[in-house]
Number of protein chains: 6
Amino acid sequence: MKENTLLTKLRNGETAINGWLSSASSFTAEAMGLVGFDCVTVDLQHGLIGIDTALPLFQALSIGNTIPIARPMWNDPAQIMRLLDSGAYGIISPLISTVDDAATLVSACLYPPRGTRSYGPARAIMYAGAENYYPEVDNQILKFAMIETLAGLDNLDKILQVEGLDGVYIGPNDLSLAMGYMPKTEPTDKEVLDMVQHICDRAHAHGKFAGMHGTSGVSAAGSAKKGFNFVTAGNDIGLLSAACKSAVAAVRQS
Amino acid sequence: MKENTLLTKLRNGETAINGWLSSASSFTAEAMGLVGFDCVTVDLQHGLIGIDTALPLFQALSIGNTIPIARPMWNDPAQIMRLLDSGAYGIISPLISTVDDAATLVSACLYPPRGTRSYGPARAIMYAGAENYYPEVDNQILKFAMIETLAGLDNLDKILQVEGLDGVYIGPNDLSLAMGYMPKTEPTDKEVLDMVQHICDRAHAHGKFAGMHGTSGVSAAGSAKKGFNFVTAGNDIGLLSAACKSAVAAVRQS
Amino acid sequence: MKENTLLTKLRNGETAINGWLSSASSFTAEAMGLVGFDCVTVDLQHGLIGIDTALPLFQALSIGNTIPIARPMWNDPAQIMRLLDSGAYGIISPLISTVDDAATLVSACLYPPRGTRSYGPARAIMYAGAENYYPEVDNQILKFAMIETLAGLDNLDKILQVEGLDGVYIGPNDLSLAMGYMPKTEPTDKEVLDMVQHICDRAHAHGKFAGMHGTSGVSAAGSAKKGFNFVTAGNDIGLLSAACKSAVAAVRQS
Amino acid sequence: MKENTLLTKLRNGETAINGWLSSASSFTAEAMGLVGFDCVTVDLQHGLIGIDTALPLFQALSIGNTIPIARPMWNDPAQIMRLLDSGAYGIISPLISTVDDAATLVSACLYPPRGTRSYGPARAIMYAGAENYYPEVDNQILKFAMIETLAGLDNLDKILQVEGLDGVYIGPNDLSLAMGYMPKTEPTDKEVLDMVQHICDRAHAHGKFAGMHGTSGVSAAGSAKKGFNFVTAGNDIGLLSAACKSAVAAVRQS
Amino acid sequence: MKENTLLTKLRNGETAINGWLSSASSFTAEAMGLVGFDCVTVDLQHGLIGIDTALPLFQALSIGNTIPIARPMWNDPAQIMRLLDSGAYGIISPLISTVDDAATLVSACLYPPRGTRSYGPARAIMYAGAENYYPEVDNQILKFAMIETLAGLDNLDKILQVEGLDGVYIGPNDLSLAMGYMPKTEPTDKEVLDMVQHICDRAHAHGKFAGMHGTSGVSAAGSAKKGFNFVTAGNDIGLLSAACKSAVAAVRQS
Amino acid sequence: MKENTLLTKLRNGETAINGWLSSASSFTAEAMGLVGFDCVTVDLQHGLIGIDTALPLFQALSIGNTIPIARPMWNDPAQIMRLLDSGAYGIISPLISTVDDAATLVSACLYPPRGTRSYGPARAIMYAGAENYYPEVDNQILKFAMIETLAGLDNLDKILQVEGLDGVYIGPNDLSLAMGYMPKTEPTDKEVLDMVQHICDRAHAHGKFAGMHGTSGVSAAGSAKKGFNFVTAGNDIGLLSAACKSAVAAVRQS
């Protein structure tokens, strides 16, 4: 089957750059697949994308060399399995608070006997190739648990020991709220920043990857410097809105 | 009926800043309607938007204060009328080469006895308000003829004298090609640049508005300085792709 | 092939009641197909429906016993043929002003040698049945020319003599505008009302059917009394908006 | 952030009139947003609307002054959060049978520390305005628990004491079935009618709002007279079908 | 209400032939509804169809005489109820492992007092007819539990005794995986084949129907010979891909 | 830019096998792109696909190695240009009857100074690559004129001499009708068969390619034997319906 170059890169110790897709336009998705991101995340939780509109996005992302991954609306095995059937090569699952949550995620991504994924990779074998899809795919799906709740922080070390989990991904807005601060996609509160670094370090201590959300290249570069292996450099609507506002300002000021 | 603030601004001598929408995402459209553009153009010619996907875009653009306008796929009265029925408050019609072309455009935008628009403003009266829609709307629709062919250049002065036409809009790619140069959205060839200025000046000489396409705020600011009244500061896919590439580069370089 | 019960009814001298669909919801279409209309018109001119969204509407209308017909965006053979391929059993073509216009409409609805329709009834034979589709279908498609322009009024008798045309359909808004009055879906100006009756009478004098647009059952009943064979009793958005306003008023007043 | 005028009205002791949307047409939604309803409910449970088709409906409802609210397919935090992210300003959650059910609903609508809503109001801040969205939004979302099961009746008083719940909403079909009667959207059985009044009274006794489903303005006016603060005056497909049947009957009878 | 001819056939001891729909095209759905299948299953689990795209498929399947049924994404009451409201006349629920799972399925398909289905058959009464919908529908919905996990095998006899369950349906891929073999839609391993026959026989021993998945007419005929009452003869994408490959090969070889 | 391997194959004297897509499912399109066709034609004339639904089809076809081409709804420059902007690498234009028709087709596919294509290859440069898109693309677009009318037959030799036209494609249904026979996708009338051969031979005499429509691999192999360079081996709905009917028959007969 087709190699998950994102996982290969991470396993080789390289830093992966992620783009974030929150609008359900296959034209936008194709464009984001061609700008150089190592992977693009189709966001079904806070992005305005559902199971039905996600399909053409995965197809559009398959045209270039980027790796399509997804964030489900919930840590829901049914939706995770369906996203994998649609061609996602990785899952970033939100609000993982317990070992059970993490184990549910991992199990949904692996076929028996390792897990409980139901077999029916309708489009996945079009993307990946049918040859040796099973059992190779079990080693080719990235599985990231989002750490963003108080319980998730409490259980961090245990979650990081769940077999099959590839790493953790920080959602800074929810993390800030959980810690009693205003929600900030780019945290500035020292306690939150310290916790971000702590999570990164604990992931590494357990031999797992650490991923960090972000709104820009500058932010992602900063996360990479902190040691994060997987850094998000912004989402489509955020980057576009910022670019438009700059463009309008450039004209108004002249 | 609701005022066309774009036309008011132009008629008051102010410069209008236009955003360009080429993807069929109502989420993207709503975002572009909120960043400060005086108007946003839904592009059915080279954008990947058709009559069916245009409706939610006009609705999304109606939420904020920007003015929704449209470029039809062709200088086609049927499509122009339908775009107006959908709530467009202006039409930028492509490839206007003759007085007849321009007269067709104007006629399609005006109800009898001034023109030939067929009456049935299904959604337009939801956007504009039903009160006095007719006959006020005849004075509220912006009509721009695109000048981008050799014949259009030859007939420029005659086109500018077509009654009811509000102005001309330059498509720099086609204009460059027509003049024997490589297509460039941001022209650099002196002969093309001179022609751009010439078109702007002739429009003003005839008491009409001049509009210029562009890919960025810097470009639009430059056009404003040249005297253009209506300047486009980039399109969604172009601005997003550029922002993504910058973000990726920022991480790679660090 | 499946009988066009609408045409049968008209040919038997009965009055047909038409519903008008202007929103692209297949759920709404199915509902309108089940309320007792002899036919439902999918409106691509002023309705917010295009070629792509029309397909599920024709399918939804095929579930009940109503006959699906269509108004194209323009008197355009390409779109008329495509609507017939999609399963429309009748065409009400807008803005017919000349004999040529009417002949174009008729020709687009008939296969060679009678007309110029291109053969490829992809979905039509699913709806109608493949057996004897050709040549029977040539006798099963309703063809109505809309009379609503000054030229159309001038050429009325000639248009009514076009072979193969089944009748005329009045668009009261455009007719009013053409005659110098305010656009009114329910005309009240005597000159317009007289013209409406005149068109009906001329159609009958030529042995053709006469159809009249309308916004309610009361209006349609009135048209039936005037002799119209085909009467429209309102469109989805209009009827729904009126019903909602009544409902709100009923609560506010109590 | 933008005020929830529906909540303000309810808190001021006024009766709110609700419209019910069950078809996934943004044109229909925009029309329903302009007829005078205080709010319109996008129904994902029995309406034929899902997460993907709901987005343009919320956008269309945002154009006018009505307040968009939603009924999720289930009392599911993932879907409730996503509806709030899409711009819903209220949730009517079905089949609330226990205190836990009600607490789940409330928690899903509030950010930490009050609840468990995950932060990412992608479109919500476009609709509501980003300024002070957090924490003000916690006080701006209407939360109604549907009472329609035997368990819900048993636990009514306890449910009404759940902190943060704004009120209850009666689903008369399920309530009738639960009580051993035929399902009726407009109940006529005395025992059911008594229970409807009882629920309304208990809500008021606990200082909560009472909402009642209904199929027409007459029905909603009746509910208002019984003391309900929030009355539904019909849904799109029901009102349209009734209007169409009346229109057809008017012609047939004449 | 409209008879469920599929159930009638099964109850009469006849073998039913099922088609499987995994793409969200209403044109494909209509075509599959007209080729002679007794029923067609809209697959939301491994097919690329969701709640939003399923609606036009049910409508397209309603045009012919086939019976529309559905496989939900999960044994989820919310989705099962919604599929029934959309017009499904049967449910094949995946991954049924316990008596509780099976009871949940049955309960979601029956109205109180027999089950917990919430009342709101928005489109179902358009398809089925409103007359006597309740309570007749409780006897008209096919309910199949998929047996495809180790736990499901262990609990087979208990599951088959769940009141209201009509039968079991075998998913051969997951069954193979569960039993330690490679996933095969057409099993060849003796142990799996024996288990397939065993499940069929146990279903019959309990007076329940047995259904078997398959990829072709030959496979389905084989299952019918083994005694299965309900046999699937392939899915749209599989049959089409095979037909295309054959067609290409026919040309290449010549 | 990316090579048009279809054109290369034809120019090398090899026979190209074409698949035909008439349903608007991107999942079906992706499947058809992976079965071995040299190219797949997205049919906007008789297929139930429009400008809006065509986009995800082109994207899905871009994933594999097949070449995406299109048949527009009409020989309409606006639609042809838009299809090229969407990523089509070839155009099969219907109902070409005159030299002017053919010249219009060719002109719409070429940029100035060779033709009149308007510049704005929004998605085309994503598919083809931006590098040297202009002017290389002028040599990379396949242009086929459909010969299927009496006038087209009369003007065959003149049409074949139009500079830039790559060849002709026969529509056997319309051709049969034009010649006075029943429409047959697989002609059996000797006069029609002779004409098919004649058109093929005349194309070759003028150094142009000859293409033939067909419904199966056997049919396409037959056309290849007659000398056709480009042979269609069936369309999605036709091949699927035939496969389903065979599958049903296989079960019924057993």
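Is Ala233(A) buried or exposed, and why does it count as such?

Author: The model discussed here is a predicted one. Ala233(A) is buried, because its relative accessible area is 0%, and the cut-off for that term is under 20%. The residue belongs to strand β8 of chain A, which covers residues 230–235. Once its neighbours within four places in sequence are set aside, Ala233(A) is in contact with residues of its own chain including Ile17(A), Asn18(A), Phe37(A) and Leu239(A). Gly214(A), Thr215(A), Ser216(A), Gly217(A) and Ala220(A) are also among its contacts. From chain B, Ala247(B) and Val251(B) touch Ala233(A). Met32(A) stands 201 residues from Ala233(A) along the chain, and the C-alpha atoms of the two are 12 Å apart.

Chain B has a strand β8 of its own, residues 230–235, which runs parallel to β7(B) and is joined to β7(B) by 2 bridges. One pairing between them sets Met212(B) against Val231(B) as its bridge partner in β8(B). Between β7(B) and β8(B) the chain passes through helix α12 of chain B, residues 217–225, in a β-α-β crossover that is right-handed. Strand β7(B) also pairs with strand β6 of chain B, residues 167–170, in the parallel sense and over 4 bridges. There, Gly167(B) is found opposite Phe209(B).

The side chains of a regular strand alternate between the two faces of the sheet. In β7 of chain B, residues 209–212, Phe209(B) and Gly211(B) point one way, while Ala210(B) and Met212(B) point the other way. Each of these four residues is buried.

The view may now widen to the contact of chain A with chain D. About 1600 Å² is buried between these two chains, and 68% of that area lies on carbon and sulfur atoms. Three residues, His46(A), Leu48(A) and Leu177(A), provide 40% of the area that chain A buries against chain D, more than any other three residues. On the side of chain A that touches chain D, the elements giving two or more residues are α3 (51–61) and α10 (172–178) of chain A. The contact draws on 19 residues from chain A and 20 residues from chain D. Across this interface there are 13 residue pairs in polar contact, but 0 salt bridges are found.

Other pairs of chains remain apart. Chain A does not touch chain C, and their nearest C-alpha atoms are separated by 16 Å. Chain D and chain F likewise have no contact, with their closest C-alpha atoms 16 Å apart.

How values were computed
Residues numbered from 1 in each chain as written. Chains lettered and ligands numbered in written order. Predicted model: local features only at pLDDT ≥ 70, side-chain atom pairs only at ≥ 80, totals over all residues. Heavy atoms only, no water. Buried < 20%, exposed > 50% of the residue type's maximum accessible area, 1.4 Å probe, protein only. Pairing = 2+ DSSP bridges. Right-handed = clockwise from strand over helix to strand, strands pointing away. Contact = heavy atoms within 4.5 Å. Buried area = accessible area lost by both parts, 1.4 Å probe. Salt bridge = Lys/Arg side-chain N within 4 Å of Asp/Glu carboxyl O. Polar contact = N/O pair within 3.5 Å; in protein donor to acceptor, adjacent residues only side chain to side chain.
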